[in-house]
Amino acid sequence: MKLMPCPINGWRPVSEFQYRGEVREMPDPASCTDAEWADYVFNRTGSPGIKREWWCHIPSNTWFIAERDTAADRVLRTWAYGEAAQ
Amino acid sequence: MPLRLLRFAISKVYPEPRMFRRHGELKPSYDAVIIGAGGHGLAAAYYLARDYRMTNVAVLDRSYIGGGNTGRNTAIIRSNYLTPEGVAFYDESVKLWQDLAVDFDLNLFYSARGHFTLAHTDASVRTMRLRAEVNKHFGVESELVSPDEIQAACPEMDLNCGGHTPVLGALYHKPGAIARHDAVAWGYGRGADQRGVEIHQQTEVLGIDVESGKVKGVMTSRGYIFTRKVLSAAAGYTPRLLDMVGLRSPICVHPLQALVTEPMKAWLDPIIVSGSLHIYVSQSARGELVMGASLDPYEVHSTRSTLDFLEGLAMHMLELFPFLSEVKANRQWAGMADMTPDFAPIMGTTPVEGFYVDAGWGTWGFKATPVCGKTMSYTLANDRNHPLITSFNLARFANYELTGEKGAASVGH
């Protein structure tokens, strides 16, 4: 069983978590161009690498950020939004 | 070993038959370079050579022929999609499949079985009815059938699903078929090879040279090649190739796993899919059950298998077929599926002149192999998108013109 550290609940089975995509900066919808907005809405960093992602621990509804190597499928660290990394 | 057989083996009169020529060095330049020697890449090479007389073409693969998703899918062919664009495109593919074996002079074990997509809720019955009507409008054999008809075609199924998700009906698609997937890559590869196309395995693309918005050449692990046209047909490796030419895309790579059981007597004729239970199953000519389920729940760039997948699939499979509880799983594997947000592919020209993509094939690419080869070879030869693929262009995202196929593509293979 693969485990993942939740910033609130500690190590839990990965099946208790939900992946919610990479962390992205939203451009200002009032001032950005249509092309910039489309890029934000649709495009992703598709290549493998160490990425920052949104995850949610479903039983406790804890949203947090994980840094993960998407080639080796290894979680490097996790932290709650607005807090320092564990 | 009998002496006669040994004499045959060392005889020069009967050399070992080979599917493909062996090549030495890469040539310094080609008219076109195709990245990825899977079904899609080799089909494009085949039709380029056969229909457009373009034979100075190299197909490169970092590994071996058909070793990616072509050899990892569950080999199901169907055209009962949801959008008019999708139905027209996949139906053309199903028609091409039917005489491919004659075209290749190679047995593809193409076997039309009939394809049931089960509906367990009122909402999915409504979707099936919509799909049946769209399909019939375009001349695709597809209809909504009752539980009695499903039971008659598959008496072994527990339509009650243990009592908690009873089957209410199904979308029945008579031309639904399975084929031997390796043979498809070999057939296209041999056909292209015989017409002069060079297939270079163990040749990895390290960079694509773009000068003032035009493709100039390709840097490979075995040297530099000059070319004006590059086709990317590399499935899960597509984002890395797009990075090389500075393009962004919505592609996100998730593994898709599958498994086969030990072989058993033939009992399952049709292909059975359940979107609600997230499973599908067919029985191969060898008697193994070929099973699949939904995508892995998060992005991973590797082909590892997981126990979570095996457990989830087995649990749902036993709801439909409780008697399989004693059957052993023989092999489990994964492929890297390049997923798009609208579950439609990304095909055709790109903002980089001379760089073409055939990607975003996620979990639905095998059945489209022939029509992708046809349409991409047209696109490469004429430098304009084939009419069947215009709605699949990369530009659809920037223009907010998506082609929503999720309802028909997600688990239904």
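## A tour of chains A and B

Select the buried residues of α2(B): B:Gly39, B:His40, B:Gly41, B:Leu42, B:Ala43, B:Ala44, B:Ala45, B:Tyr46, B:Tyr47, B:Leu48 and B:Ala49. Buried here means that 20 or more other C-beta atoms lie within 10 Å of a residue's own; with 12 or fewer the residue is exposed, in between it is partly exposed, and C-beta atoms are placed from the backbone. Helices (H or I, at least four residues) and strands (E, at least two) are DSSP runs, numbered from the N terminus.

Before going on, note that this is a predicted model, where local features need pLDDT of at least 70, side-chain atom pairs count only at pLDDT 80 or more, and totals for chains, interfaces and linings use all residues. Residues are numbered from 1 along each chain as its sequence is written, while chains are lettered from A and ligands numbered from 1 in the order in which they are written.

**Confidence.** Colour chain B by pLDDT, the predictor's confidence in each residue, from 0 to 100. The mean for chain B is 92, and 98% of its residues reach 70 or more. The model has an ipTM of 0.93 and a pTM of 0.92.

**Helix α2(B).** Now show residues 39-52 of chain B as a cartoon. At 1.5 Å a residue, these 14 residues should span 20 Å, and the end C-alpha atoms, 19 Å apart, agree with that. The expected span is 1.5 Å times one less than the number of residues. Of the 14 residues, 11 are buried, so the helix is largely enclosed by the rest of the structure. Then step just past the helix to B:Arg53, which takes a positive phi of about 55°.

**Helices α3(B) and α10(B).** Show side chains for B:Phe89, B:Glu92, B:Ser93, B:Leu96 and B:Trp97 of α3(B), which meet B:Pro370, B:Val371 and B:Lys374 of α10(B). The residues of this contact divide into 5 nonpolar, 1 polar and 2 charged. Ala, Val, Leu, Ile, Met, Phe, Trp, Tyr, Cys and Pro count as nonpolar, Asp, Glu, Lys and Arg as charged, and the others, Gly among them, as polar.

**B:Thr227.** Go to the loop between β12 (223-226) and β13 of chain B to find B:Thr227. Is B:Thr227 buried or exposed? B:Thr227 is buried, with 22 other C-beta atoms within 10 Å. Beyond four places in sequence, B:Thr227 touches B:Ser29, B:Tyr30, B:Ala32, B:Val33, B:Val215, B:Gly217 and B:Val218.

**Chain A.** Switch to chain A, which has 1 helix and 6 strands. From the N terminus on, the order is β-β-β-α-β-β-β. The C-alpha trace spans about 45 × 25 × 20 Å along its principal axes. Buried residues make up 13% of the 86 in chain A.

**Where the chains meet.** Finally, show both chains. The contact takes 20 residues from chain B and 14 from chain A. On the side of chain B, α8 (238-244), β14 (252-261) and α11 (395-398) each supply at least two residues. The largest share, 3 residues, comes from α8(B).

Technical notes. Contact = placed C-beta atoms within 7 Å.
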